[in-house]
Structures are given as structure tokens and as C-alpha cells.
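Dear colleague,

I am handing over the structure below, and my notes on it follow. Please read them alongside the coordinates.

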Number of protein chains: 2
Amino acid sequence: MIQSERAGRHDEIETFFRERFTTDNPLITEAVKRMLAAGGKRLRPRITLLAAQTHDADAERHMQLAAYMELIHVATLIHDDVVDNAQTRRGVNATAIDYGNRISVLAGDYLFAWIFKNVTQFYAPPIPNILSATLAEICDGEVLQLRALGDLNVSLKSYIDTAERKTASLFAASAQCGAIAGGAPPHAVEALRGFGLAYGIAFQMRDDLLDVTADAAALGKPVGNDLAERKMTIPLILALRSGSQEFRGMVERLYAGREPDVAAVIAGIRQSGAIEQTRAKIAEYARRAEDAIDGLENTAAKAELQRLAGELLEEAS
Amino acid sequence: MIQSERAGRHDEIETFFRERFTTDNPLITEAVKRMLAAGGKRLRPRITLLAAQTHDADAERHMQLAAYMELIHVATLIHDDVVDNAQTRRGVNATAIDYGNRISVLAGDYLFAWIFKNVTQFYAPPIPNILSATLAEICDGEVLQLRALGDLNVSLKSYIDTAERKTASLFAASAQCGAIAGGAPPHAVEALRGFGLAYGIAFQMRDDLLDVTADAAALGKPVGNDLAERKMTIPLILALRSGSQEFRGMVERLYAGREPDVAAVIAGIRQSGAIEQTRAKIAEYARRAEDAIDGLENTAAKAELQRLAGELLEEAS
């Protein structure tokens with residue numbers, strides 16, 4: 001039953017995007033479908049539908065709202081494709097593109113506008129406000145991340161604050177809006193929002209971990225990509241805390257572009273014990289997510305949400 | 001009286017932005033204030049306030065709404081700063097920027113999100129929906145413009161359609177939202193929206209005209225900048241229609257990057273009679289704007305709106 005619920009939600013979302021999704025702009029519709037076809041687990045819309053289902057059996061009614069959560073994510077990915085001279089110079093995303101940047105900006109803007117146009121037309125307060133506030137949070141988080149690039153003194157606290165804005169805010173909104181649309185009472189809406197927030201932080205940590213532990217084929221991008229972009233990921237922050245001056249010097253040289261040996265830094269992270277410490281942090285936030293909704297009535301949807309949180313931990317092991 | 005009304009509205013808007021405007025993000029607030037300090041006539045917020053004043057004497061109440069119109073414009077300008085390899089290669093905006101593109105994208109996104117967050121919180125339907133639909137229109141128009149770059153067969157009809165979306169839609173929304181907020185009855189809201197739409201088309205035509213007639217100092221950017229970017233402006237479209245094969249060949253060579261003689265193309269546009277034809281088109285749309293609100297009760301605000309439309313024509317002469 002739980003198994004079929006999981007598969008079902010995912011397949012329904014895929015079917016929706018394949019067969020029913022369209023915007024007013026055929027170019028944008030195509031671009032979005034191409035991005036969706038490239039893969040993804042549709043975790044945000046699944047969490048919206050499951051949150052709705054904790055109080056409303058008819059999840060199908062909330063498919064459009066769930067789709068907006070994935071589309072906000074897709075629009076931010078499209079904007080992430082915008083590159084800088086600095087980045088192309090360092091060899092990150094060096095593909096020669098002509099009008100790529102301008103088109104990426106416009107496609108992302110159009111998608112945001114289209115989502116808000118529909119949300120303001122078809123959803124009652126406070127849903128339109130939650131979604132626009134979430135987008136502001138995501139931008140805030142990305143600005144924080146950009147400012148922290150290459151800054152070896154970033155604290156774990158500041159990392160978590162950034163992850164909360166940049167990544168977890170959309171998971172929190174996905175759960176919260178699903179709960180509101182499903183008619184959940186205020187305490188359940190708050191609990192589900194809390195689930196999304198903790199889940200999102202654990203999700204970002206797991207994403208950071210995979211960058212140094214996964215193999216390139218499974219990851220779909222080069223291992224150490226975050227390090228090549230001078231991001232301050234949680235395994236790196238914890239490894240720097242472990243205190244080896246030799247390791248810190250190695251990271252300093254990598255991030256100053258003087259010694260581009262990503263593999264050596266990955267090896268250093270592994271030796272420091274930071275992998276295990278990162279897993280412990282993921283476990284902590286996955287458990288917080290499970291606990292956040294523990295007081296809700298037992299339903300298949302609640303069990304499935306808790307299983308999703310547990311899955312983050314398994315994948316990280 | 002009319003004179004003081006005009007000065008007053010403009011000064012009040014400036015004072016608002018200087019003294020009371022702030023977002024939740026100090027970096028973005030600073031960036032916006034810098035852009036606003038660079039100049040601008042604040043036409044969009046002035047139109048919002050004047051549209052409100054046709055039915056509500058207390059314009060001050062609508063200052064925040066008026067400010068959102070200017071801020072949507074500012075956010076699109078920030079996103080226009082995003083450049084491509086193709087553009088930097090052609091020497092347009094060749095300033096070496098490092099994280100300029102990423103920061104421009106995030107700053108614009110944040111501003112859009114912040115505006116929608118506030119609008120959905122403080123304004124009743126249909127205002128939030130009008131603003132998000134307008135942003136979608138603007139993006140649509142910019143995509144159309146990007147696809148038409150260097151296409152010498154763009155028709156006047158297609159030019160006007162693009163100008164309507166890219167530029168006039170925000171003037172239309174500025175007038176419409178001001179009218180709604182000021183409590184205007186439906187027929188007056190429609191009339192004021194019609195004013196904004198025609199005004200915006202004339203405004204874009206005038207902007208195109210100044211690119212080939214103004215001097216660089218008055219324009220604040222190089223004369224022929226649109227031509228250097230291979231834009232299909234109205235004077236160029238009308239000059240191509242005039243039929244000289246020699247002129248067409250010259251434009252073809254410029255737009256293929258084989259003969260970068262912008263001055264010769266400007267001279268050709270002048271000789272073709274397209275300057276006078278463009279002025280006639282501006283006059284046509286400025287008059288449509290005046291006519292659109294002719295049926296409204298005579299107020300100082302209505303007279304000022306009609307004066308603004310007339311001003312477009314004077315400036316273009």
C-alpha cells in the first residue's frame with residue numbers, strides 16, 4: 001500500500017507534466033518539458049500531494065498546485081544556468097553559448113510570472129503570498145551562497161541558515177501549501193511546514209555529501225563539482241573544523257586557483273572524518289522532519305512522508 | 001495648477017524612494033537606490049497616481065502601489081544587464097564583469113519576489129493577478145524581440161505587437177491598477193488602461209526614434225546603440241519599407257557584422273523619410289492615448305495624463 005502510494009504519486013506527476021502541462025508560451029513549455037525529461041524525483045510536488053492527503057483523500061485536486069512547486073524549482077534551475085565571465089574562464093560551464101544567458105533569464109522570468117499569474121487567479125490567500133515570499137527567501141539564500149564562495153571561515157550555523165533559505169524554504173512551502181489546500185487545521189499546517197523545513201536542510205546536506213562520495217555516472221555531473229565552483233559545502237566546513245593545517249592550506253590553494261587538485265581535497269575530506277559527521281547531521285535533520293509530524297493522525301500519507309525522510313539517510317550511507 | 005501637479009507627483013515619488021523605500025534585503029535596497037539615482041522620469045508611477053486621482057483626491061494613499069510599477073521596470077532593467085558571450089564579443093557591454101551576471105539575475109528575481117510578496121499581502125484581487133500577468137507579457141515581448149534581432153523582414157504589425165507586450169503592457173497595468181485602487185468604475189478603468197497601452201506604444205516608438213536622432217550626451221548612451229545591437233526599431237523598419245535596395249544591402253552588411261558602419265545606416269534612415277513617418281506614428285498613438293480617456297470627467301489628473309501624451313510628441317519633433 002505504502003509502496004504503491006509512492007509509485008503512484010510520482011507517476012501521476014509525470015503523467016500530468018507529460019500530458020496536461022502547458023503555459024501560454026510554446027517555447028517555454030518546450031524548454032520546461034526538456035528540463036523535466038532530464039530526470040528528477042519530483043520530491044517537492046510529491047510532498048505537496050502527500051501533505052494534502054494527510055487531510056484530504058482526493059490528492060488529484062491538488063496536482064496543479066503541486067506542479068507549481070516543481071516549476072518554481074525548474075525556474076530557479078534555469079536561472080542557475082546563467083553564467084559569468086569568471087565561471088567560463090575557470091572552465092565551469094565553458095560551453096560556448098550565444099544568446100544562452102539572455103534566453104535563460106527570460107525563460108525563468110516568464111515561468112515565475114506565469115506561476116504567479118495562475119496562483120493569484122486560482123488560489124486563495126495565503127497561498128500566493130507564501131509562494132512569493134518563498135521565492136524571495138530562495139534568492140536571499142543564493143545571494144548568501146554567492147557571497148560565501150571561497151570563504152573558508154563560513155560557520156556551520158551560517159551554512160544551515162543559507163541552506164534553509166536557498167533549499168529548505170521551498171520544501172517547507174510545498175508541505176505548507178499542500179496542507180492548506182487539503183484543509184488541514186493550523187497545528188497540522190505548522191507541523192507539515194516544519195517537516196518540509198527539516199527535510200529540505202537534510203536534503204541539501206545529502207546533496208553536498210554526494211558531491212564528494214558518489215561516482216560521476218550516478219551523480220550525472222562530475223564529482224567535486226561543488227568544490228570546483230568554490231562552494232562551502234557541509235563536508236568541507238566540517239573537514240576544515242577538524243583542524244589539520246595541511247588540509248586547510250590545500251583548500252586555500254584550490255580556492256585561490258593556484259593548485260586545481262580537487263581529488264586531493266576530496267581525499268582530505270574523507271580522511272578528516274567529515275563524511276561520517278555529515279551523515280550524522282543528515283540523520284539529525286531527517287529525524288527532526290519525522291518528529292515534526294509525529295503528532296498527526298496516522299495515515300498512509302504521513303507514513304510515506306516519514307519514509308521519504310528516512311530515505312535521505314539511507315542514500316547518504 | 002496643472003504645472004504644480006506634475007512637479008508635485010514627480011517630487012513625491014522621488015521623496016518616497018529616497019526616504020521611505022526599503023526591501024528586506026539591504027544589498028537589493030542599495031542596488032535599487034543606485035539605479036533610481038541614475039535618473040528616469042518615473043512615468044509609470046506618475047501614471048498610476050494620476051489614474052488613481054481621476055477618481056480619488058488622496059493620491060498619497062497609492063504611493064506604494066505606484067512604486068511597485070517603477071520597481072517592476074527597474075527589475076527588468078537589472079535583468080537586461082545580463083549579457084551573453086555573443087554580446088561581449090561584439091563589444092556591446094564589454095566591461096569585464098565577474099559575478100555580474102549571477103548577481104543581476106538574483107537581484108532582479110529578488111525584486112520581483114519582494115514586489116509580489118507585498119502585493120499579494122496588501123492588495124486585493126485583481127491587482128496581484130494584473131501585475132503577474134503583466135510580467136509574463138513583458139517576458140513574452142522580450143523573447144519576441146530577441147528572436148527578431150537582425151531579421152530585416154519584421155513587419156510594422158509585428159513590431160507594434162512586440163512593443164505592446166514588452167513596453168506598453170506595464171504602462172497599461174500602471175494606469176489600470178491606479179484606476180482600480182482609486183475606485184474608478186469599470187468603464188473608467190478600461191479607458192485608463194487603454195490610455196496606458198497607447199501611451200506605452202508611442203513611448204517605445206519615441207525611444208526608438210531618439211536612438212537615431214538624439215545626441216549622445218542627451219541620450220545618456222551612444223547614438224545608434226539599438227542598431228549596434230541589431231534591434232529592429234521602427235525607424236529602421238520604415239526605412240527598409242521605403243525600398244532602396246542599396247540601403248537594405250547596407251543594413252544587411254551591418255547586421256551580419258561585415259561592415260560595422262552604424263553612422264551610414266543612420267544617414268540612410270534619415271534620407272529615407274522614415275524619421276517623419278515615425279513621428280507620424282508616434283502622433284497617431286499619442287492621440288489614441290488622449291482619446292481613450294476623453295470621455296472621463298474633466299479633472300486636473302485627466303488633463304495631466306493628456307499633457308503627458310502630448311509631451312511624447314513634442315519630444316519626438
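**Notes on the model**

R34(A) is exposed, because 9 other C-beta atoms lie within 10 Å (a residue is exposed at 12 or fewer such atoms within 10 Å of its own C-beta, buried at 20 or more and partly exposed in between, with C-beta atoms placed from the backbone). R34(A) belongs to helix α2 (residues 26-37) of chain A, where helices are DSSP runs of H or I with at least four residues, strands are runs of E with at least two, and both are numbered from the N terminus. Between R34(A) and R307(A) there are 273 residues in sequence and 29 Å in space, C-alpha to C-alpha.

This is a predicted model, in which local features need pLDDT of at least 70 and side-chain atom pairs count only at pLDDT 80 or more, while totals for chains, interfaces and linings use all residues. Residues are numbered from 1 along each chain as its sequence is written, and chains are lettered from A and ligands numbered from 1 in the order in which they are written.

Chain A contains 16 helices and zero strands, and 51% of its 317 residues count as buried.

Helix α3 (residues 43-53) and helix α8 (residues 156-181) of chain A pack with their axes 7 Å apart, at an angle of about 30 degrees (axes are lines fitted to C-alpha atoms, for helices over the stretch in contact, and angles run from 0 to 180 degrees between N-to-C directions). The two helices, α3(A) and α8(A), are therefore roughly parallel to each other, a term that covers angles under 35 degrees.

Best regards

Definitions and conventions:
Parallel < 35°, antiparallel > 145°, perpendicular 65-115°, else oblique.
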